[in-house]
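Hi everyone, thanks for making time this morning. Let me put the structure up on the screen, and then we can walk through it together.

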Amino acid sequence: MTYRKYDDLRIGQTFPDQPAMFHVNEACIHGFRDVLRGAARGEVASKGDIAPPMLAAVYIRPAQNALKGPPGGVHAKQVFQFHCPVKAGDVLSTTLEVLEKYDRKGRRYLVSGTRTTNQQGTVVTTGRIVSIWGKEDA
Amino acid sequence: MPELFNLAVGERVPSRTYRVEQDIIDRYAVVSGDHNPLHIDPAFAATTPYGRTIAHGMMTLCFLSDSMEEWAGPSWGETGALEVAFLAPVHADEAVSVSLEVVGKDDDRISCKATCSVDERTVMAGEVSVALTPNTGAANGDA
């Protein structure tokens, strides 16, 4: 797989070329809650077809993947604002925008913003990610 | 009313604990689509400064959000906001404890300091806030 070079990223650049689509269904909601239930040893209650708010980590992922960063990147900070519940049957569109780039202590940081809307055009989640770019091959 | 909303500034809710195992990390990678080898490939992780696989930071954040669903009810998914920093890695066979302390409250929202820790080590910290009254689907066109 070919990875994107950090130096090729531009402020204001958006990913992917078209908003990343994510179809929310009961299987992905239940699969996500099952992982939490496994970690919580059964203490996670079912909420029916309403998605856990942090399904955001799943539905923004295709937009993050479109960055095509090298392996080994590290998530440093995260901001999320939940504006509207997500439920099974929703079709979500997410765009990621490069907001900032900087070097600190020999590490290359990338700040990006995400915006997700549902099939009605309503903003369901906005986010801000600070990540450390993975090591690129020479 | 959710128990969190009855608390005053300085008060805490009882912490919740989540057990992380490599199987949980692997399953999270599948459902999230985050297949960074740092999380799931021991051979690759051994070549990094971490020395072994680490859990996804977002998974730790999911523990916090899951706790907020319990503590704040549906208002969390409709009006919740969070800002956190991932401070230290979480490894397999570690237990993450999620705790919350109220740091601000007015007629509309409650704000809390959120901490996720493994034993005495803080692995994630930040602030969460949520409206005391949910939107009840108004923003989704259901009202």
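Start with Val79 of chain A, please: its bridge partner in strand β5 of chain A is Arg128(A). This is a predicted model, by the way, so keep that in mind throughout. That bridge belongs to a pairing between strand β2 (residues 74-82) of chain A and β5(A), which is antiparallel and runs over eight bridges.

Now, what does β5(A) pair with through nine bridges? The partner is strand β4 (residues 107-117) of chain A, and these two strands also run antiparallel. To find one of those bridges on your screen, look for Leu110(A), whose partner in β5(A) is Ser131(A). The hairpin of β4(A) and β5(A) has five residues between the strands, and Gly121(A) there takes a positive phi near 85 degrees.

Is β5(A) largely enclosed or largely open? Seven of the ten residues in this strand, residues 123-132, are buried, so the rest of the structure largely encloses it.

Stay with β4(A) for a moment, because Thr117(A) sits in that strand and counts as buried with a relative accessibility of 14%, given that the cut-off is under 20%. Apart from neighbours within four places in sequence, Thr117(A) touches Val91(A), Leu92(A), Ser93(A), Thr122(A), Val123(A) and Val124(A).

Let's move on to the nonpolar cores. The largest has 62 residues, and the ones with the most contacts inside it are Leu4(B), Leu61(B), Leu64(B), Met68(B) and Leu100(B). Helix α4 (residues 57-72) of chain B is the top contributor, giving nine residues to this core. There is also a second, separate core of eleven residues, including Phe15(A), Ala20(A), Val98(A) and Leu110(A). Going back to Leu4(B), its contacts beyond four places in sequence include Val13(B), Trp71(B), Ile110(B) and Cys112(B).

Last stop: how does helix α1 (residues 26-40) of chain A pack with α4(B)? The angle is about 90 degrees and the axes are 11 Å apart, which means that α1(A) is roughly perpendicular to α4(B). On the α1(A) side you'll find Phe32(A), Arg33(A), Leu36(A) and Ala39(A), and they meet Cys62(B), Phe63(B), Asp66(B) and Glu69(B) of α4(B). Sorted by class, this contact has five nonpolar residues, three charged ones and no polar ones.

That's my tour, and I'm happy to go back to any view you'd like.

How values were computed. Residues are numbered from 1 along each chain as its sequence is written. Chains are lettered from A and ligands numbered from 1 in the order in which they are written. This is a predicted model: local features need pLDDT of at least 70, side-chain atom pairs count only at pLDDT 80 or more; totals for chains, interfaces and linings use all residues. Side-chain values use heavy atoms; hydrogens and water are left out. Buried means under 20% relative accessible area, exposed over 50%, partly exposed in between (1.4 Å probe, protein chains only). Helices (H or I, at least four residues) and strands (E, at least two) are DSSP runs, numbered from the N terminus. Two strands pair if DSSP finds at least two bridges between them. A nonpolar core is a set of buried Ala, Val, Leu, Ile, Met, Phe, Trp, Tyr and Cys residues joined through side-chain atoms within 4.5 Å. Contact means heavy atoms within 4.5 Å. Axes are lines fitted to C-alpha atoms, for helices over the stretch in contact, and angles run from 0 to 180 degrees between N-to-C directions. Angles under 35 degrees count as roughly parallel, over 145 as roughly antiparallel, 65 to 115 as roughly perpendicular and the rest as oblique. Ala, Val, Leu, Ile, Met, Phe, Trp, Tyr, Cys and Pro count as nonpolar, Asp, Glu, Lys and Arg as charged, and the others, Gly among them, as polar.
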